[in-house]
Amino acid sequence: MEAAEGVSAPTPTEEMNGAGTLMDFLDEPFPDVGTYEDFHTIDWLREKSRDTDRHRKITSKSRESLWELIKSLLDAWSGWVVMLLIGLLSGTLAGVIDLAVDWMTDLKEGVCLSAFWYSHEQCCWTSNQTTFADRDKCPQWQKWAELMTGHTEGAGAYLLNYFLYILWALLFSFLAVTLVRVFAPYACGSGIPEIKTILSGFIIRGYLGKWTLLIKTVTLVLAVSSGLSLGKEGPLVHVACCCGNLFCSLFSKYSKNEGKRREVLSAAAAAGVSVAFGAPIGGVLFSLEEVSYYFPLKTLWRSFFAALVAAFTLRSINPFGNSRLVLFYVEYHTPWYMAELVPFILLGVFGGLWGALFIRANIAWCRRRKTTQLGKYPVLEVIVVTAITAVLAYPNPYTRRSTSELISELFNDCGALESSQLCDYINNPNMSRPVDDIPDRPAGPGVYNAMWQLALALIFKIVITIFTFGIKIPSGLFIPSMAVGAIAGRIVGIAVEQMAYHHHDWIIFKNWCRPGADCVTPGLYAMVGAAACLGGVTRMTVSLVVIMFELTGGLEYIVPLMAAAVTSKWVADAFGKEGIYESHIQLNGYPYLDVRDEFTHRTLATDVMRPRRNDPPLAVLTQDSTTVEDVETLIKDTDYNGFPVVVSRESERLIGFVQRRDLTLAIKNARQKQDGVVSSSVVYFTEDAPQLPASNPQPLKLRRILNLSPFTVTDHTPMETVVDIFRKLGLRQCLVTRSGRLLGIITKKDVLRHMAQMMNQDPESIMFN
Amino acid sequence: MKLLFCVEGLCLVCFVLLSQVSAKNSEDIRCKCICPPYREVEGHIYKQNVSLKDCNCLHVVEPMPVAGKDVEAYCLRCECKFEERSSGTIKVTIIIYLSILGLLLLYMVYLTLLEPMLKRRLFGHSQLIQSEDDVVGDQQPFANAHNVLSRSHSRPNMLNKVEHAQQRWRRQVQEQRKSVFDRHVVLS
């Protein structure tokens with residue numbers, strides 16, 4: 001065809017052919033069109049319609065041949081395949097992390113001589129030290145002091161162990177922070193605020209990349225083992241999302257469509273929580289309540305499946321040897337009484353206060369880090385925090401061990417093995433009842449000893465967690481919050497128990513606590529306290545209760561947990577509306593439009609739109625009178641992310657909207673590959689290019705990249721409606737018209753800034769587009 | 001990147017295999033009975049290598065510390081738990097983890113210490129190439145060394161591609177490091 005054009009004279013038909021070649025050229029998609037730049041917001045509507053197009057194409061093709069039919073079936077199944085793979089990989093990684101943390105935590109204290117890869121518990125798996133006093137002393141396991149000097153007791157051995165504990169902790173955290181710094185800076189932090197933002201339609205390139213996955217997995221083990229006050233649960237959600245992103249790249253359905261990709265990531269987040277807490281249903285609800293933005297029913301089923309596969313995979317690895325998915329699984333089923341709701345609600349109040357305090361203090365500290373000199377020394381900061389933690393944590397037996405173990409001990413009721421001081425009750429020697437029905441007993445000296453140690457541990461955890469969350473290593477928040485709550489809960493529980501034992505003639509105890517009955521379970525108080533504190537910090541309610549209920553495996557404790565969770569949310573909300581993740585989103589100025597916020601101000605679209613009254617007029621393109629050079633100047637002079645296309649500058653009737661990135665790519669591509677496109681070529685957004693005399697340069701047709709259905713509102717639309725449209729449809733921008741004429745544009749950033757202004761915050765804090 | 005994929009795949013296969021195979025290892029099951037103090041008898045912990053259905057006080061507690069008539073009362077208070085682990089999985093996991101960590105550390109040392117040294121030595125007698133590279137305007141400290149290396153040896157095409165991918169990755173990391181550690185734009 002081109003050859004024919006080359007030899008014949010320019011007749012009208014030939015020109016039509018010429019236009020035809022142009023169309024042919026444009027039908028070949030050039031690379032990168034329809035993608036987004038780093039730190040930009042996606043347009044959900046556009047992604048959705050692109051997926052519908054793709055789907056329609058596949059369906060219509062599938063009728064043509066058997067092969068196409070098979071391909072369409074594969075395409076339909078690819079979502080489930082991705083879920084299966086995500087479940088397998090995230091379950092495996094969680095298992096690896098659990099096993100490695102178990103080993104490395106114990107490495108701080110000693111080493112297994114028979115096989116260095118065993119932790120203390122595994123090392124003494126078959127040892128026959130039968131008496132209670134010797135149970136931790138198996139010959140294969142040696143503490144460092146014992147290995148080096150041969151002494152097990154004495155001040156020298158203690159000091160040497162103390163010193164080596166600090167040294168190991170410093171080594172682990174130093175390795176973690178340098179690995180993060182050198183290979184994947186995005187691997188630091190908990191990751192949930194960023195994942196929330198990404199799921200709401202923001203692009204952070206490399207945040208879910210392969211290196212982030214590798215480094216986050218490796219350094220998470222180091223960070224948790226170093227004994228810092230942080231947990232692995234939040235980072236596991238990030239790890240699972242990285243897995244999701246990794247497997248998305250295998251299927252073009254997900255790799256080419258940012259909207260579809262986010263559906264997979266929502267499900268991956270569910271799988272992450274599922275393995276973190278061994279709570280598949282809690283994971284699904286967590287994804288729905290806390291992280292996801294767009295969560296259709298299809299995603300619900302898929303996340304259910306992914307969570308199931310992940311939990312199954314982790315269960316088959318069996319990292320804790322107890323056939324459970326978490327270390328702090330509890331097994332008691334003792335009943336609770338109505339009057340106990342009062343302490344439960346008090347624990348809820350404590351959780352709310354802790355949440356509010358933590359968020360305020362942590363945000364203030366993070367802001368300091370962001371704006372002052374402190375942020376210049378991230379490695380030093382990690383080292384200093386680790387040193388302080390290790391120095392203060394070692395002397396107290398409740399802070400020396402890993403936080404998960406502490407929580408496990410606090411959650412569990414005192415069993416037959418009175419291993420810890422917490423269970424040092426005075427026993428009645430004639431008692432001969434089975435272990436799960438031990439009545440309330442008076443506390444022995446060990447319990448009182450444990451109480452003040454726990455009180456010190458509580459203060460230590462409260463303070464150090466504020467400074468730990470946000471340092472530049474992977475750090476989650478769930479476990480330290482739960483630890484704070486569990487310590488407080490256990491203290492309250494023991495207090496109530498002793499009160500009930502010593503004063504069972506008081507009116508409140510008379511009805512439900514006869515002497516010799518087992519009426520107060522301190523472990524339950526610890527659990528309720530943990531739920532309350534976690535709720536206060538994250539403001540979760542439903543998913544929190546479900547996670548806790550899956551941890552206990554009993555339905556009996558739903559009401560106490562609900563009461564505590566709701567109270568803590570109320571109390572914490574009284575001090576500030578946002579949870580910790582929203583606060584961090586706000587601190588970083590991510591463009592996150594919260595679905596839960598209410599917008600009640602009576603402003604109109606015309607107050608928010610650009611251009612404002614004294615601004616230069618809106619930068620627009622006309623459908624058939626702009627030249628390539630004009631467009632290039634416009635792109636160079638402005639930094640808008642898209643341009644409305646109008647019929648002409650006089651009438652200003654709107655035709656469509658074109659994205660800046662597509663426009664740049666299209667022009668660059670045309671200049672390289674299409675002959676005759678020069679600076680004076682006219683850009684056409686119309687259906688057909690008019691017939692031009694041969695002397696004129698070749699026109700450039702760009703209707704392909706034009707969005708013909710941009711969202712428009714009139715200038716008197718209330719902002720309440722506009723905000724709702726932005727939230728529910730996931731718009732990136734919206735055009736404002738008056739009687740058909742284009743007036744201005746509202747972008748997501750404008751909406752966010754307006755909302756910030758209305759809430760008396762600094763509108764300039766919204767940083768990204 | 002491909003390598004990473006392979007490693008991950010390998011891990012996955014290892015785990016699926018191991019979790020099937022190693023459960024049969026006879027050392028890996030135990031029944032642990034914890035018997036609290038009873039009358040004059042001290043508290044004891046008994047561990048036996050028995051199957052799940054035999055995991056109770058009568059089978060595990062040997063020798064029985066109390067006389068025949070007290071056995072029932074004693075056993076009532078004992079808490080028996082059947083536990084299972086797979087030592088193979090633990091061993092493989094820890095070794096894989098340590099080797100990955102070791103490789104990363106070696107690579108880190110190479111990137112931060114060895115390469116700048118190589119660069120300095122090369123630049124000592126290749127001023128020409130350096131000035132040519134300045135046009136690229138790369139802010140990265142060691143990217144230039146790589147250019148020099150790849151050009152001076154004229155490696156096969158495949159290796160060049162790897163070099164190229166590596167450089168692109170490094171630029172990305174550099175960018176990330178700037179936004180996280182220096183400018184504090186994200187993740188603070």
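Two strands pair if DSSP finds at least two bridges between them. Helices (H or I, at least four residues) and strands (E, at least two) are DSSP runs, numbered from the N terminus. The model is predicted: local features need pLDDT of at least 70, side-chain atom pairs count only at pLDDT 80 or more, and totals for chains, interfaces and linings use all residues. Residues are numbered from 1 along each chain as its sequence is written, chains are lettered from A and ligands numbered from 1 in the order in which they are written, and side-chain values use heavy atoms, with hydrogens and water left out.

**Exercise 1. Describe the sheet of chain A that contains β4, β7 and β8.**

Step 1. The strand order is β4-β7-β8 in an open sheet with mixed pairing.
Step 2. β4 (626–627) and β8 (700–701) of chain A each have a single partner strand and stand at the edges, so one side of each lacks a neighbour in the sheet.
Step 3. β4(A) and β7(A) (residues 682–684) run antiparallel and are joined by two bridges. In β7(A), Val683(A) is the bridge partner of Thr626(A).

**Exercise 2. Find the buried residues of helix α29 of chain A and what they pack against.**

Step 1. Buried means under 20% relative accessible area, exposed over 50%, and partly exposed in between (1.4 Å probe, protein chains only).
Step 2. In α29(A), residues 719–729, the buried residues are Met719(A), Val722(A), Val723(A), Ile725(A), Phe726(A) and Arg727(A).
Step 3. These residues pack (contact: heavy atoms within 4.5 Å) against elements of chain A including β11 (733–738), β12 (741–747) and α30 (748–758).
Step 4. After the helix comes Gly730(A), with a positive phi near 65 degrees.

**Exercise 3. Characterise the interface between chain B and chain A.**

Step 1. On the chain B side 55 residues are in contact with 72 residues of chain A.
Step 2. The buried area (accessible area, 1.4 Å probe, that two parts lose on being put together, summed over both) is about 6,200 Å², and carbon and sulfur atoms give 71% of it. Tyr97(B), Phe181(B) and Leu187(B) lose the most area in chain B, together 12% of what that side buries.
Step 3. The count is one salt bridge (a side-chain nitrogen of Lys or Arg within 4 Å of a carboxyl oxygen of Asp or Glu). Arg30(B) forms a salt bridge with Glu121(A), the closest N and O atoms being 2.6 Å apart.
Step 4. α4(B) gives the largest share of the side of chain B that touches chain A, 16 residues.
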